[in-house]
Amino acid sequence: MKTKYTHASLITPYRVIHDGTLLVENGKIVGIETVTPDAPDFETVDCGGLYLAPGFIDLHTHGGGGHDYLDGTVEAYLGGARQQAEHGTTLFYPTLTTGSKSDFDNTVKVFKEAQAANKN
């Protein structure tokens with residue numbers, strides 16, 4: 001699949017490129033342009049000036065969407081992950097609050113179950 005995102009404000013590590021074009025092929029960025037290239041084999045999406053940014057990384061989170069990872073359920077992890085994804089986070093590191101060793105051990109076990117159950 002090839003997609004060309006045009007008329008976007010592209011957030012890069014160095015600057016924002018206004019009215020830029022982002023080329024994506026098979027889920028990977030293959031080009032960032034300041035002009036709209038002729039790429040007829042790409043499906044075109046006109047972003048109308050909206051921002052495109054890389055996925056965010058949350059280095060410290062206790063949950064999300066009404067869930068706490070210390071709840072000790074697969075749904076807590078999957079629900080927290082859904083909340084993160086809805087806001088542009090593509091990687092996060094679950095963080096636990098203070099709890100007992102058995103709570104911690106159970107949470108690690110449930111985290112592994114959630115990883116196996118995650119289909120997104």
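Start by selecting Thr107, which is buried, with a relative accessible area of 1% (buried means under 20% relative accessible area, with a 1.4 Å probe and protein chains only). Before you click on, know that this is a predicted model, where local features need pLDDT of at least 70, side-chain atom pairs count only at pLDDT 80 or more, and totals for chains, interfaces and linings use all residues. Residues are numbered from 1 along each chain as its sequence is written, and side-chain values use heavy atoms, with hydrogens and water left out.

Now show the cartoon: Thr107 sits in helix 2, residues 101–117 (helices are DSSP runs of H or I with at least four residues, strands are runs of E with at least two, both numbered from the N terminus). Next, display Tyr69, Leu70, Tyr77 and Leu96, the residues in contact with Thr107 once its neighbours within four places in sequence are set aside (contact means heavy atoms within 4.5 Å).

**Follow Tyr77 into helix 1**

Select 74–86 for helix 1. Tyr77 is one of its buried residues, along with Ala76, Leu78, Gly79, Gly80 and Gln84. Color those and look at what they pack against: strand 6 (56–61), strand 7 (63–64), strand 8 (67–68), strand 9 and helix 2. Just past the end of helix 1, pick Gly88, which has a positive phi of about 90°.

**The largest pocket**

A pocket here is an open set of points on a 1 Å grid over the protein atoms alone, where a 1.4 Å probe fits, with protein on both sides within 12 Å along at least five of seven lines; lining residues have an atom within 4 Å of a point. Helix 1, strand 9 (89–94) and helix 2 each give at least two residues to this lining.

**The second largest pocket**

Last stop: select Leu10, Ile11, Thr12, Pro13, Leu22, Ile29, Ile32, Leu52, Ala53 and Pro54, which line the second largest pocket. Strand 1 (2–11) and strand 3 (28–33) are the elements giving two or more residues to that lining. The space inside is about 160 Å³.

Methods: Buried < 20%, exposed > 50% of the residue type's maximum accessible area, 1.4 Å probe, protein only. Points joined across faces, edges and corners; volume = space filled by probe spheres on them.
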